[in-house]
Amino acid sequence: MKTGAKFFITVISLAILYAWTIKQTNDIQKAEWLIGTWENKTQKGSIYETWTKTGNNELSGKSYSVKGKDTIVFENIRLVQEKKNLFYIPTVKNQNEGLPVRFAAKTISENQLVFENPQHDFPQIIAYTKITSDSLIAEISGIINGQKRKQTFPMKRVKR
């Protein structure tokens with residue numbers, strides 16, 4: 001093989017490797033718009049969701065309410081980039097024997113994240129849709145007892 005051909009193959013190989021490496025981190029980076037604290041006001045009070053960056057390949061979230069001086073945590077969430085896959089991994093108090101459940105990303109864009117686990121009882125789908133930089137809609141959906149169900153949580157950013 002001639003030197004020029006070897007050089008060309010090496011350059012192409014490096015370009016492919018570089019593109020693959022960029023793809024590995026871009027999915028988690030596309031989710032960074034979640035970082036901050038979000039509030040969903042309900043008739044019973046506010047529910048909050050706070051997201052922080054815990055590493056190059058992970059965001060950490062928790063949903064909770066505040067009653068007086070007490071913070072009541074409902075779930076802890078890990079959003080993790082594993083190789084070329086992004087996973088939403090909630091651990092919900094008093095559910096699934098306290099074990100985490102994995103939802104694989106189905107849609108990852110600058111404005112929407114959709115995760116799915118068809119084997120989970122409910123929800124099977126978890127979605128976040130950015131409306132503006134300071135508002136989003138979180139949604140859980142799936143099938144319970146043969147019927148489609150959906151819960152929507154409009155949220156406003158209260159802290160970056």
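Predicted model: local features only at pLDDT ≥ 70, side-chain atom pairs only at ≥ 80, totals over all residues.
## Overall architecture and confidence

The protein chain contains 1 helix and 10 strands. Along the sequence, these elements follow the pattern α-β-β-β-β-β-β-β-β-β-β, and the helix, α1, covers residues 3-30.

The average pLDDT of the protein chain is 88, and 84% of the residues score at least 70.

Of the 160 residues in the protein chain, 32% count as buried. The chain exposes about 10500 Å², and carbon and sulfur atoms supply 55% of that area. When contacts between residues at least 6 apart in sequence are considered, 29% of them join residues at least 24 apart.

## The largest pocket

The largest pocket holds about 630 Å³ of space. Its lining consists of 28 residues, and those nearest the centre are S63, E75, V92, I140 and F153.

Which strands each supply at least two residues of this lining? They are β2 (45-55), β4 (70-82), β5 (85-92), β8 (125-132), β9 (135-144) and β10 (147-159). Strand β5 provides the largest share, with 4 residues. By residue class, the lining is made up of 18 nonpolar, 7 polar and 3 charged residues.

D27 is located in helix α1. Is D27 buried or exposed? Its relative accessible area is 4%, so D27 counts as buried, the cut-off for this class being under 20%. Apart from residues up to four places away in sequence, D27 touches Q81, K84, L86 and I108. Among these partners of D27, Q81 falls within the range of strand β4, residues 70-82.

K150 lies in strand β10. Because its relative accessibility is 57%, K150 counts as exposed, the cut-off for that class being over 50%. Beyond its neighbours within four places in sequence, K150 is in contact with E139, I140 and S141. One of these partners, I140, is also among the residues nearest the centre of the largest pocket. K150 and I125 are 25 residues apart along the chain, and their C-alpha atoms are separated by 9.3 Å.

## The loop between β7 and β8

F122 is placed in the loop between β7 (112-116) and β8, and P123 is found in that loop as well. The relative accessibility of F122 is 18%, and therefore F122 counts as buried.

Leaving out neighbours within four places in sequence, the contacts of F122 are I140, S141, G142, I143, I144, R149 and Q151. F122 and S141 are 19 residues apart in sequence, while their C-alpha atoms are 7.3 Å apart in space.

What kind of peptide bond joins F122 and P123? The bond is cis, with omega at about -5°. Most peptide bonds, by contrast, are trans.

## Two residues with positive phi

Most residues other than glycine have a negative phi. N94 has a positive value, near 65°, and N145 has a positive value, near 50°. N94 is situated in the loop between β5 and β6 (103-108), and N145 in the loop between β9 and β10. N94 is exposed because its relative accessible area is 75%; N145 is exposed because its relative accessible area is 76%.

The table below collects the accessibility values of the residues discussed.

| Residue | Relative accessible area | Class |
|---|---|---|
| D27 | 4% | buried |
| F122 | 18% | buried |
| K150 | 57% | exposed |
| N94 | 75% | exposed |
| N145 | 76% | exposed |

Technical notes
Residues numbered from 1 in each chain as written. Heavy atoms only, no water. 1 Å grid on protein atoms, 1.4 Å probe; cavity = no way out; pocket = protein on both sides within 12 Å on 5 of 7 lines; lining within 4 Å. Points joined across faces, edges and corners; volume = space filled by probe spheres on them. Nonpolar A, V, L, I, M, F, W, Y, C, P; charged D, E, K, R; others polar. pLDDT = per-residue confidence, 0-100. Buried < 20%, exposed > 50% of the residue type's maximum accessible area, 1.4 Å probe, protein only. Contact = heavy atoms within 4.5 Å. Areas by Shrake-Rupley, 256 points an atom, 1.4 Å probe, with all protein chains shown as cover.
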